[in-house]
Amino acid sequence: MSTPFLSVRDLTVDFHTEDGVVHAVDGLSFDVEKGTTLGIVGESGSGKSVTNLTVLGLHNPETSTISGEIRLDGEELIGASRSTMEKLRGNKVAMIFQDPLTSLSPYHTIGKQISEVYRKHTGASRAEARARAIEMLTRVGIPQPKTRVDDYPHQFSGGMRQRAMIAMALVCDPDLLIADEPTTALDVTVQAQILDLLKDLQDQMGTSIILITHDLGVVANTAHEVLVMYAGRAVERGSVKEVLREPRHPYTWGLLASMPRLSAPVDVQLRPVRGTPPSLINVPTGCPFHPRCDFMEVAGPELCRSERPELSPHRGHGDACYLTLAQKREIHK
Amino acid sequence: MASRKDDTPREATAKGPSGPRSGPSHLGKQAMLPFITRRTLGAAVTLLIIAAVTFFLFFAVPADPARLACGKVCPPDLLEQARHNLGLDQPLFAQFVAWLAGIFVGRDYESLGHCPAPCLGYSFVNREPVFETILDRLPVTVSLTIGAAVVFLVFGLATGIVAALRQGKPLDKIASVASLIGASVQIYFIGTLALYFLVYQNQILQRPQYLPFTENPIAWASGLALPWVVLAIIFTANYTRMTRSTMVEQLSEDYVRTARAKGMSGRSVVMRFALRGTLTPIITIFGVDLGTLIGGAIITETTFGLQGLGRLSIKAVWDSDLPLLMGTVLVAAGAIVFFNIVVDVLYAFIDPRVRLS
């Protein structure tokens, strides 16, 4: 097996706030292979977005402490110089955000915002960049791209804005695209279109994608691999099939049980994960999920409260829980 | 009238247009002309109301301009004569209509002859034409305003941006302490100190005076340098704070993060993205401040002995000089109304979302 395209090892991100140190990401490791999609799933505050902003080096170094390794195509990104990171962003690694309305500048035209990335990284002329912007808008399925290129974001609909955002992210043919909840702010019908578009573009361009979401349905349709995060750590990892068919971690079960299904009988109640996500300033000792876990008695409450379970096995389908595989299968039925 | 405050900057609460507006596109420039027309008509109505209120309020005050004009020893027949000369024996409404008509078609006076349009009447006190008097004083106030405005806008923006980028650092703290001090001092205090130390004691600067720009720009600038700086000190603070807080907000906007995520350099993120959104509230308070200052910087003019509109309007109040009072109020109100329209037009240039509505 060759070295993965993106490899994150023991990533730890702490933020220094007035209330204390926030352990946003705590010893996270994962890989993304070329041309594949990794779905990162978890509740708000589980460290999904923080992890990916770290890949782009977008945290303020004065208020955060970052350690571990992030290797992109063999190049170490943690501690890389500012100019290295500026050359990388939007070029080799691009990002699209949750709310395309607030994420696009209201003061500049769509075309301008796309072409400035292109010009910045390729040194193209104004005219070339504009032509490229129109080409990208065509590719992401914006109708009448030649006139819409001069529109402002507020003149676009929500779905079109996210298309424009994708056009902007892909204009320099990045190797890695980080999509941070790209469909959360969109109508359900548009969500599917945007996900299909991402898939098509991935097939055409061979881009690796990290898809951050809290929607397991999105992951099921789009991703190859899944990483389930809880309190800044990976609690389960595996291929989409493995994780969705045979989920092993109680938190993953909770996520799946709280997801509405059209195929389920109407009177089946959704079961939310009880309790609230833990404070990242005072993370529970032992397994961070233990205060919300229904199976602690089975796994051994002492162990769950005192020792932090590690993700195992190291490759393939792994999870961080003291339940035995047999117990997990039994509970999940 | 007397309630008009001059050189005291208000607490800046002005916020620009906010929130997205959706709607059909491409209305941009065609929509501008009707907009300006509509606003100009609205402005005319506003000014008419202000003039009427000022006029009738004047007569609510128990001062009698005729008695003042008549002199210390004033027999009843002379008082009547004075009253007639000033036109105060007419019904109030007729007086107001005559004043209003004078602006558009001019006015004929028994004693002083024809006053061509735009006629604001003759001063009760020295019988000088009010319009000419104001024209004579206006350049002083405009010069004072422009110079000070350039200083406080440039310094306010610069220190505000620096403070926002150095949040919590020494420079930020220095800027906030300095602006607190700047906002707290009074012009007659630092103005007098500056005059004493910089002009009379050490002759570093020349005595403030107004010399027309058209005759000698350098003498114009050096004559007004001290009032500019002193007036700017108290305004700069407001702009620094406003710029800093808006800039801090802008820097945490999603689209600023996007700009960084696509590899824009730090400087271009600040200047092209964050600053753009900062300008809207700044222009809002700038427009109001310019309007207010054109109405007359009473304290500054008094401190530095400049003969501007501010002192003229104070004099009009003291003398119960109705025509002069009406003239100065009209100019002051007109300036505020005018700059408000300018600001609204500028919004559209800064923020494309405004162009639609």
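Trainee: In what sense do strand β10 and β11 of chain A pair?
Mentor: This is a predicted model. In it, β10(A), residues 233–239, pairs with β11(A) in the antiparallel sense, over two bridges.

Trainee: Which residue is the bridge partner of A:Glu236?
Mentor: The partner of A:Glu236 is A:Asp319, in β11(A).

Trainee: What is the strand order of the open sheet in chain A?
Mentor: The order is β6-β7-β8-β3-β9-β10-β11, seven strands with mixed pairing. At the edges stand β6(A), residues 93–96, and β11(A), residues 318–319. Each of these two has a single partner strand, so one side of each is left without a neighbour in the sheet.

Trainee: And what holds paired strands together in general?
Mentor: Strands of a sheet pair through backbone hydrogen bonds, in a parallel or an antiparallel manner.

Trainee: Next, A:Val240. Where is its place?
Mentor: A:Val240 belongs to helix α10 of chain A, which covers residues 240–245. A:Val240 has 19 C-beta neighbours inside 10 Å and therefore counts as partly exposed; a residue needs 20 or more to be called buried.

Trainee: Which residues does A:Val240 touch, leaving aside those up to four places away in sequence?
Mentor: A:Val240 touches A:Val219, A:Ala220, A:Ala223, A:His224, A:Glu225 and A:Val226. As for A:Gly39, its C-alpha is 8.5 Å from that of A:Val240, although the two are 201 residues apart in sequence.

Trainee: Let me turn to helices. Why is α1 of chain A described as largely enclosed?
Mentor: Helix α1(A) spans residues 48–55, and seven of its eight residues are buried, so the rest of the structure largely encloses it. The buried ones are A:Lys48, A:Val50, A:Thr51, A:Asn52, A:Leu53, A:Thr54 and A:Val55.

Trainee: What follows α1(A)?
Mentor: A:Gly57 follows α1(A), and its phi is positive, near 65 degrees.

Trainee: At what angle do α4 and α7 of chain A pack?
Mentor: Helix α4(A), residues 110–122, and helix α7(A), residues 158–170, pack at about 20 degrees, with axes 8 Å apart. That angle makes α4(A) roughly parallel to α7(A), because angles under 35 degrees are classed that way. Their crossing is right-handed.

Trainee: Which residues make the contact?
Mentor: From α4(A) there are A:Ile110, A:Gln113, A:Ile114 and A:Val117, while α7(A) supplies A:Ala164, A:Ala167 and A:Met168. By class, the contact has six nonpolar residues, one polar and no charged.

Trainee: On to chain B. How many helices and strands does chain B have?
Mentor: Chain B has 13 helices and two strands. The C-alpha trace of chain B spans about 85 × 60 × 40 Å along its principal axes. Of the 357 residues in chain B, 38% are buried.

Trainee: How many residues of chain B are in contact with chain A?
Mentor: There are 21 residues of chain B in contact with 26 residues of chain A. The elements giving two or more residues to this side of chain B are α9(B), residues 254–261, and α10(B), residues 266–294. The largest share, seven residues, comes from α9(B). By class, this side of chain B has seven nonpolar, five polar and nine charged residues.

Trainee: Finally, the backbone. Which residues of chain B are joined by a cis peptide bond?
Mentor: B:Ala117 and B:Pro118 are joined that way, with omega about -10 degrees. B:Pro118 lies in the loop between β2(B) and α5(B).

Trainee: What about phi of B:Gln203?
Mentor: Phi of B:Gln203 is positive too, near 50 degrees. B:Gln203 is in the loop between α7(B) and α8(B), and is exposed, with 9 other C-beta atoms within 10 Å.

Conventions
Residues are numbered from 1 along each chain as its sequence is written. Chains are lettered from A and ligands numbered from 1 in the order in which they are written. This is a predicted model: local features need pLDDT of at least 70, side-chain atom pairs count only at pLDDT 80 or more; totals for chains, interfaces and linings use all residues. Two residues are in contact if their C-beta atoms, placed from the backbone, lie within 7 Å. Helices (H or I, at least four residues) and strands (E, at least two) are DSSP runs, numbered from the N terminus. Ala, Val, Leu, Ile, Met, Phe, Trp, Tyr, Cys and Pro count as nonpolar, Asp, Glu, Lys and Arg as charged, and the others, Gly among them, as polar. A residue is buried if 20 or more other C-beta atoms lie within 10 Å of its own, exposed if 12 or fewer, and partly exposed in between; C-beta atoms are placed from the backbone. Two strands pair if DSSP finds at least two bridges between them. Axes are lines fitted to C-alpha atoms, for helices over the stretch in contact, and angles run from 0 to 180 degrees between N-to-C directions. Angles under 35 degrees count as roughly parallel, over 145 as roughly antiparallel, 65 to 115 as roughly perpendicular and the rest as oblique. A crossing is left-handed if the near helix is turned anticlockwise from the far one by less than a right angle, and right-handed if clockwise.
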